[in-house]
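Look over the sequence and the structure below.

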Amino acid sequence: MLAVISGATKGIGRAVSIAFAEMGFDLALGARNQEQLEEFKLYLENTFPKIKILSRATDFSIKDEVSEFTKAIKKKFGSVDVIINNVGIYATGTISNEEEGLFEKQMQTNLYSAYYLTRPFLEEMKQKKKGHIFNICSIVSKNVRKDAASYSISKYAMLGFSKVLAEEMREYQIKVTAIIPGAVNTSSWDGIDLPKEEFIQPKDIVDVIINAYQMSKSTLVEEIIIRPFNTNY
Ligand SMILES: NC(=O)c1ccc[n+]([C@@H]2O[C@H](COP(=O)([O-])OP(=O)(O)OC[C@H]3O[C@@H](n4cnc5c(N)ncnc54)[C@H](OP(=O)(O)O)[C@@H]3O)[C@@H](O)[C@H]2O)c1
């Protein structure tokens, strides 16, 4: 069994990678920083010696790089069981004042990345009639923030991607689940002075993903909204 995880070295991606390794999955992991990827791979190999791991420095906002990653996965493993479309970067700004190019960067990183990573595996998943794709959206996929304009647009679209894919895959028994979190205590918030103990913890996101993954074959968790009690976050 193989899980493919984008943005795997930190935060939610890292926690989810460890959880799937604990379940005995082989892993295909991508992030941009080669050194951090190598370190994480080494940690996983030492902790879970039985699993196979492919790690490759990949910028998921760049189609050709994702294509090289997916080709390497097919060569090493053949087929994929779980895809976690996790890559995403947060940015503030309004439509009228955000810096030029931010919109494109946000769409490429937060939305196109998932399209690029998922498509190459769909035909084979359809033939096997098996697989589970998780798309990490955001609470702004439901309630947009005007001060995080491009981020909100990209995450709204990511939920759209997830819903369309879920409908397309339904007849093939491939599950597609949108995870819709409020603030999660990850490195995204480094340097920002907020009470992170009041945020959702990465383990909570892991728990909902694993729970959705382990549901009966007949059950599809379409989306999960998870928020801190303190809804300011
Ligand atoms: N944290 C929150 O409060 C929160 C709330 C709602 C939704 N989310 C969503 O959850 C997802 C994960 O967030 P997180 O907070 O766990 O992030 P994080 O701690 O900042 O980690 C991001 C991961 O993605 C990688 N990454 C970033 N840009 C990349 C790119 N262009 N190509 C490849 N890898 C890239 C980073 O490694 P490199 O820098 O080495 O590439 C890192 O491994 C995102 O989609 C985010 O929007 C987060």
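**Ligand site and fold**

The ligand is surrounded by 30 residues, and the closest are Gly-7, Gly-11, Arg-32, Asn-33 and Gly-88; a residue counts as near if its C-beta atom, placed from the backbone, lies within 6 Å. This is a predicted model, in which local features need pLDDT of at least 70, side-chain atom pairs count only at pLDDT 80 or more, and totals for chains, interfaces and linings use all residues. Residues are numbered from 1 along each chain as its sequence is written.

**Shell around the ligand**

- The shell is made up of 11 nonpolar, 16 polar and 3 charged residues (nonpolar: Ala, Val, Leu, Ile, Met, Phe, Trp, Tyr, Cys and Pro; charged: Asp, Glu, Lys and Arg; polar: the others, Gly among them).
- Helix H1 and strand S2 (26-31) each supply at least two residues of this shell.
- H1 gives the most, with 3 residues.

**Fold**

- The protein chain has 6 helices and 7 strands, which are DSSP runs (helices: H or I, at least four residues; strands: E, at least two) numbered from the N terminus.
- Along the sequence their pattern is β-α-β-α-β-α-β-α-β-α-β-α-β.

**H1 and H6**

- The axes of H1 (residues 11-22) and H6 (residues 202-213) come within 9 Å and cross at roughly 50°; axes are lines fitted to C-alpha atoms, for helices over the stretch in contact, and angles run from 0 to 180 degrees between N-to-C directions.
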